[in-house]
Amino acid sequence: MSVLKTYGLETEDIFHPSKTWKIDGDHIYGTADGIDAVLQAVQLILSVERFEYPIYSTDYGMESSDLIGKSREYVSGDLQRRISETLAEDDRITGISNFDITFSGETATATFTVNTIFGNIENQEVTVQNG
């Protein structure tokens, strides 16, 4: 048995601060922290189509474009999973709840609550539409 310390293999949970720049429309000003920072992160990650933009890592964004043209049953069954998996990439988010999906013509709208370590963020929405 080795008595030497092995660095980099600790399994402790390390909390990373959530402080970030605050985005308001086309402007960046000040900072956001806690639940405000998570809300901003949720809105950004859900608005980016995964694999579409090379500036983002392959773990960033949500795949939704391939849902266009699929049956309502398929979209209903898959959209909640996709949102959950997308948001699971952020360690401040513990899950989603109160998921509901409605259809209007060729548009599917999902509403849900994001559960975070800072509290819940209610009335979040993702829309997938044909065209």
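Where is the kink in α2 centred? I looked this up first, and the kink, of about 30 degrees, is centred on Asp78. The bend at a residue is the angle between axes fitted to the seven residues ending there and the seven starting there.

**Entry 1: what I am looking at**

This is a predicted model, in which local features need pLDDT of at least 70 and side-chain atom pairs count only at pLDDT 80 or more, while totals for chains, interfaces and linings use all residues. Residues are numbered from 1 along each chain as its sequence is written, and side-chain values use heavy atoms, with hydrogens and water left out.

I found two helices and five strands in the protein. Read from the N terminus, their order is β-β-α-α-β-β-β. Helices (H or I, at least four residues) and strands (E, at least two) are DSSP runs, numbered from the N terminus.

I then looked up burial, where buried means under 20% relative accessible area, exposed over 50%, and partly exposed in between (1.4 Å probe, protein chains only). Of the 131 residues in the protein, 31% are buried.

I went back to α2, which covers residues 72–87. Its 16 residues reach 23 Å from first C-alpha to last, close to the 22 Å expected at 1.5 Å a residue. The expected span is 1.5 Å times one less than the number of residues.

Which residues of α2 are buried? They are Val75, Asp78, Leu79, Arg82, Ile83, Thr86 and Leu87.

Next I checked α1, where 13 residues reach 18 Å, close to the expected 18 Å. Its buried residues are Ala37, Val38, Gln40, Val42, Ile45 and Leu46. They pack against β1, β2 (27–32), α2, β3, β4 and β5.

**Entry 2: charged pairs**

Side chains of opposite charge can pair when their charged atoms come close. I used this rule: a salt bridge is a side-chain nitrogen of Lys or Arg within 4 Å of a carboxyl oxygen of Asp or Glu. The count comes to six salt bridges.

In one of them, Arg50 meets Glu63 at 3.7 Å, N to O. Both residues lie in the loop between α1 and α2, so the pair ties together parts that are 13 residues apart in sequence.

Another joins Arg82 to Asp66, with the closest N and O atoms 2.6 Å apart. Arg82 lies in helix α2 and Asp66 in the loop between α1 and α2, so this pair ties together parts 16 residues apart in sequence. I noted that Arg82 is buried at 9% relative accessible area, whereas Asp66 is partly exposed at 36%.

A further pair is Glu85 with Arg81, their closest N and O atoms being 2.8 Å apart. They are four residues apart in helix α2, separated by about one helical turn. Glu85 is partly exposed at 46%, and Arg81 is partly exposed at 39%.

Which residues are linked in a network of salt bridges? I found Asp66, Asp78, Arg81, Arg82 and Glu85.

Last, I looked at strand β1 (residues 20–24), where Ile23 is found. Ile23 counts as partly exposed, at 38% relative accessibility.

Terms used. Contact = heavy atoms within 4.5 Å.
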